[in-house]
Amino acid sequence: MAWSNGSGRTSTARWKRIRQQAKHSLNYWCARCGNGEPLELDHIINHRSGGTDDMDNLQWLCVPCHKAKTQQEAAAGRRGKYRRPPKPPLEP
């Protein structure tokens, strides 16, 4: 999700470092439509579904594509399609 107010985890120093690394490591155009800027860094598999901040789970999306993907993920989450994987049981 795009954080328009600059709050949340996207404003942390850690995320800013990841974003800079992604600018140098990943193709800097929209992975869906191929358009240019403005671009937002997107998790291919979102955190809620078990995704990580690894470069192989990140892609650049233009604002309209990122918004559409986020809406699709939110709708799928409401339908119960994306659920966090269960944690393994603790061993005694």
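## Surface and burial

Accessible areas here come from the Shrake-Rupley method with a 1.4 Å probe. This is a predicted model, and its chain has an accessible surface of about 6800 Å². Carbon and sulfur atoms account for 52% of that surface. As for the inside, 28% of the chain's 92 residues are buried.

## How the chain is laid out

You'll find 2 helices and 2 strands in the chain. Starting at the N terminus, the order is α-β-β-α. Among contacts with a separation of 6 or more, 56% link residues 24 or more positions apart.

In soluble globular proteins, nonpolar side chains tend to be buried together. Here, the largest nonpolar core has 13 residues, and Leu26, Leu41 and Leu58 touch the most other members. Three elements, α1 (13-25), β1 (39-43) and β2 (58-62), each give two or more residues to this core. The largest share is from β2, with 4 residues.

Leaving out residues up to four places away in sequence, Leu41 touches Trp15, Ile18, Arg19, Ala22, Leu26, Leu58, Gln59, Trp60 and His66.

Gln59 sits in strand β2. Is Gln59 buried or exposed? Its relative accessible area is 16%, so Gln59 counts as buried, the cut-off being under 20%.

Which residues does Gln59 touch, not counting those up to four places away in sequence? The list is Leu26, Ala31, Glu40, Leu41, Asp42, Ile44 and Lys69.

Definitions and conventions. Residues numbered from 1 in each chain as written. Predicted model: local features only at pLDDT ≥ 70, side-chain atom pairs only at ≥ 80, totals over all residues. Heavy atoms only, no water. Core = buried A, V, L, I, M, F, W, Y, C linked by side-chain atoms within 4.5 Å. Buried < 20%, exposed > 50% of the residue type's maximum accessible area, 1.4 Å probe, protein only. Contact = heavy atoms within 4.5 Å.
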